[in-house]
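Student: Please take a close look at the surroundings of the ligand in this model. I would like one connected account.

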Amino acid sequence: MPVTNAKGADTLSAGRRASQDPAIRFVDVEQRFTPPNRPAFNALQEITFDIADSEFCSIVGPSGCGKSTLLNMAAGLLRQTSGEVQALGKRVEAVNTDVGYVTQDSNLLPWMTVEKNIELPLKIRGYAKADRARLVSEWIELVGLEGFETSYPHQLSGGMQKRCAIARTLVYDPEVVLLDEPFGAVDAITRTVLQGVLLDLWSSKRKSVLFVTHDLNEAITLSDKVVVMTRRPGTVKAIVPVDLPRPRDVYEIAEHPRFAELHKELWSLFKSEI
Ligand SMILES: Nc1ncnc2c1ncn2[C@@H]1O[C@H](COP(=O)(O)OP(=O)(O)OP(=O)(O)O)[C@@H](O)[C@H]1O
Ligand SMILES: [Mg+2]
């Protein structure tokens with residue numbers, strides 16, 4: 001399977017590390033699960049692809065094909081059965097603190113307010129109090145949660161919880177960001193707004209992003225390339241470079257003539273897997 005990197009036209013921000021090492025590399029990865037009282041099965045097999053430094057890569061595939069499992073491996077939360085997973089040139093062998101991970105279920109701490117949830121990773125990393133306060137308030141504004149600083153997660157809508165989880169992950173500026181369907185529970189308008197926020201951030205800071213979505217339009221709008229997976233056992237069916245110009249306006253990019261062609265190509269790969 002050839003691996004193609006389609007870099008966008010945005011420039012690297014000053015001081016950003018340029019690296020030859022891929023942000024994440026999967027090499028012939030297999031994941032076998034043995035659930036209690038059920039036969040063992042392969043969730044993933046022969047998975048080989050890279051996310052290049054500062055690349056925006058999406059994964060699409062049917063439910064249960066192993067997308068979250070791949071992200072869990074990249075985050076070092078799950079050890080693959082065979083093959084190798086690397087992050088920033090190093091083999092992932094334990095919890096990977098170089099990556100920020102917005103999990104599918106958000107994982108906010110229910111006993112902490114919005115601002116305390118967002119502050120927590122900064123506290124863990126030893127940021128000074130004044131820096132923590134500044135960063136938390138910057139991020140609350142960026143994700144549009146002003147006025148909800150002292151709310152608890154159960155007092156927020158699903159979309160607001162997602163925005164809080166995104167702020168909590170990006171606030172400490174991780175080089176590599178894993179996002180598992182971050183906008184799935186968000187209404188269509190907020191979703192477009194958040195796609196714009198994410199794209200602006202990525203353009204200015206040039207993070208490496210691995211982004212899981214079910215939405216082909218979203219994958220095309222945001223990505224440099226889209227990895228299409230087969231149904232279980234999940235394998236890489238195709239890697240489609242997204243050769244749309246950057247910077248992209250999330251409100252207008254779908255009108256680009258190439259957008260419809262890419263959608264057609266992705267849909268023809270995707271539809272036989274669902
Ligand atoms: N810890 C586990 N033990 C046993 N089976 C598991 C475990 N984690 C995941 N699975 C199974 O592996 C397969 C892949 O799961 P995964 O959550 O990665 O799918 P997914 O592509 O993220 O699906 P969705 O789009 O619904 O989120 C599923 O069949 C799931 O039931
Ligand atoms: Mg999942």
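Tutor: What follows describes the shell around the ligand and then one arginine. The model is predicted, and the distances below are computed from its atoms. Ligand 1 has 15 residues around it, and those that come nearest are Ser63, Gly64, Lys67, Thr69 and Gln104. By residue type, the shell around ligand 1 splits into seven polar, five nonpolar and three charged residues.

Several polar pairs involve oxygen atoms of ligand 1. An N or O atom in the side chain of Ser63 is 2.6 Å from an oxygen atom of the ligand. For Arg232, a polar side-chain atom lies 2.9 Å from a ligand oxygen. On its own, ligand 1 has 640 Å² of accessible area, of which the protein covers 66%. Two or more residues of the shell come from each of strand 2 (41–51) and helix 1 (67–74). Helix 1 gives the most, with three residues.

Now to the arginine, Arg168, which is found in helix 4 (residues 158–170). Its relative accessible area is 14%; Arg168 therefore counts as buried, as the cut-off for that class is under 20%. Beyond its neighbours within four places in sequence, Arg168 is in contact with Ser106, Asn107, Leu108, Leu109, Asn117, Ile118 and Pro121. With Ser106 there is also a polar pair: the side chain of Arg168 reaches the backbone oxygen of Ser106 at 3.0 Å. Ser82, by contrast, is 86 residues from Arg168 in sequence and 32 Å from it in space, C-alpha to C-alpha.

Methods:
Residues are numbered from 1 along each chain as its sequence is written. Chains are lettered from A and ligands numbered from 1 in the order in which they are written. This is a predicted model: local features need pLDDT of at least 70, side-chain atom pairs count only at pLDDT 80 or more; totals for chains, interfaces and linings use all residues. Side-chain values use heavy atoms; hydrogens and water are left out. A residue is near a molecule or strand if one of its heavy atoms lies within 4 Å of it. A polar contact is a pair of N or O atoms within 3.5 Å; within protein, one must be able to donate a hydrogen and the other to accept it, and residues adjacent in sequence count only if both atoms are side-chain atoms. Accessible areas come from the Shrake-Rupley method with a 1.4 Å probe; for residues, only the protein chains shown count as cover. Helices (H or I, at least four residues) and strands (E, at least two) are DSSP runs, numbered from the N terminus. Ala, Val, Leu, Ile, Met, Phe, Trp, Tyr, Cys and Pro count as nonpolar, Asp, Glu, Lys and Arg as charged, and the others, Gly among them, as polar. Buried means under 20% relative accessible area, exposed over 50%, partly exposed in between (1.4 Å probe, protein chains only). Contact means heavy atoms within 4.5 Å.
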